[in-house]
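This report looks at an annotated site and at two of the residues that belong to it.

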Amino acid sequence: MAAPGENLRINGDRLWDSLMEMAKIGPGVAGGNNRQTLTDADAEGRALFKEWCEAAGCTMGLDQLGNMFARREGTDPDALPVYVGSHLDTQPTGGKYDGVLGVLGGLEILRTLNDLGIKTRHPIVVTNWTNEEGTRFAPAMLASGVFAGVHEQDWAEAREDAEGKRFGDELDRIGWRGEEAVGARKMHAFFELHIEQGPILEAEGKDIGVVTHGQGLSWTQVTITGKESHTGSTPMPMRRNAGLAMARVLEKVEEIALSHAPDAVGAAGHIDIYPNSRNVIPGKAVFTVDFRSPELPVIEDMVTRMKEAAQAICADMGCEVEFEKAGGFDPVEFDPGCVKAVRDAAERLGYSHRDLVSGAGHDACWINRVAPTAMVMCPCVDGLSHNEAEEISKDWATAGADVLMHAVVETAGIVD
């Protein structure tokens with residue numbers, strides 16, 4: 001395919017205005033957004049996106065899990081579409097850009113092509129994937145996971161939120177269930193634009209992240225059982241302190257992750273101590289160790305070493321330990337051809353760039369299983385995300401969408 005000319009650029013002001021308009025729906029309490037999946041705010045955001053897409057001359061497809069597909073026709077009726085998109089749902093205290101930039105950046109591509117009268121051989125489809133965040137209905141990337149064959153649809157529809165409401169029932173309630181079978185669509189390629197959600201691009205002054213891999217992760221729930229006893233009257237040598245044993249295990253988690261620096265990470269974010277009383281030595285600690293790396297053998301090594309260390313620590317302290325696999329997925333290597341299209345686009349447009357490994361999960365990580373896929377990232381201030389203070393600049397958004405457009409249009413093929 002011929003590469004688009006370097007003068008092909010999106011309308012950065014229009015993209016920014018669209019981001020700000022969408023941010024008015026489901027406002028947070030501190031300047032961000034609370035537009036959780038399958039809420040009334042989600043339905044309102046979907047309706048606005050549909051309105052914009054139809055105004056741009058697109059037809060809107062909708063599948064049985066509410067995934068939205070805005071299609072701009074190509075000149076070849078037999079050519080598979082090039083897909084581009086992300087998600088419109090947010091965290092409860094989410095920002096204005098996580099996911100939304102990828103959806104509205106895709107829409108801006110279509111608007112720009114319309115402005116310039118450019119036709120492509122392959123159709124281009126802009127996608128809004130349902131429930132990427134997984135905050136209300138776990139796990140994350142739920143609907144794209146069903147699309148890619150990772151999850152069963154019945155299982156996904158049966159997921160419940162904290163109030164016991166079912167995913168399928170809430171989808172019906174807001175009126176965004178379609179008839180199209182999930183996963184029936186075939187893709188020529190898929191591209192996703194996203195904020196980095198990390199500090200590297202801003203710290204190094206780079207405009208663009210060319211995402212080559214997605215980290216794999218392993219969640220291991222660890223339960224340490226000691227003996228509850230009085231903090232004042234139990235002699236130090238006679239204690240079986242599950243909380244202290246956990247602390248020593250977590251020191252090992254840090255040490256193990258650092259041994260695979262710089263790309264591996266590890267920590268425990270979920271921690272429960274029992275009975276959690278001021279004057280009772282903890283008799284039980286339950287925590288989840290999260291190890292991540294772009295290399296599966298590294299993840300396996302970290303999990304094995306953590307278990308061995310925990311067993312040794314607990315044996316020495318008179319405690320018992322149990323392990324349960326709580327979740328995870330293997331690392332992702334994005335399609336070399338699509339990655340090259342992103343890198344070439346950044347170079348052609350004169351944007352500084354570097355290769356990145358995504359530390360977070362994205363819909364692209366699942367879609368990569370069924371179609372050639374790549375991701376584009378732009379910086380975010382202080383690497384802050386999943387926070388209402390999440391911030392990017394208009395220039396960063398514009399650069400990311402410019403690169404996205406060039407990669408998508410080159411892949412879709414410009415028709416003279």
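## Asp98

In this predicted model, Asp98 sits in the loop that connects β3 (82-86) with α3 (100-116). Its relative accessible area is 4%, which is under 20%, so Asp98 counts as buried.

Not counting residues up to four places away in sequence, Asp98 touches His87, Asp89, Glu133, His194, Ile195, Gln197, Ser385, His386 and Glu390. With one of these, His386, Asp98 forms a polar contact between side chains, at 3.2 Å.

## His386

His386 is also a loop residue, placed between β16 (373-378) and α12 (394-412).

With neighbours within four places in sequence left aside, the contacts of His386 are Gln91, Thr93, Asp98, Glu133 and Gln197. Among them, Asp98 is the partner in the 3.2 Å side-chain polar contact.

## The annotated set

Which residues does the UniProt annotation "binding site" cover? According to the record, an unreviewed entry, they are Asp98, Glu133 and His386. These residues are spread over 289 residues of sequence, yet they cluster in space, with a largest C-alpha distance of 9.6 Å. Asp98, Glu133 and His386 are also part of the lining of the largest pocket.

Technical notes: Residues are numbered from 1 along each chain as its sequence is written. This is a predicted model: local features need pLDDT of at least 70, side-chain atom pairs count only at pLDDT 80 or more; totals for chains, interfaces and linings use all residues. Side-chain values use heavy atoms; hydrogens and water are left out. UniProt positions are given in the numbering used here, feature names are shortened, and annotations may be inferred rather than shown by experiment. On a 1 Å grid over the protein atoms alone, a cavity is a set of points where a 1.4 Å probe fits but cannot get out, and a pocket is an open set with protein on both sides within 12 Å along at least five of seven lines; lining residues have an atom within 4 Å of a point. Helices (H or I, at least four residues) and strands (E, at least two) are DSSP runs, numbered from the N terminus. Buried means under 20% relative accessible area, exposed over 50%, partly exposed in between (1.4 Å probe, protein chains only). Contact means heavy atoms within 4.5 Å. A polar contact is a pair of N or O atoms within 3.5 Å; within protein, one must be able to donate a hydrogen and the other to accept it, and residues adjacent in sequence count only if both atoms are side-chain atoms.
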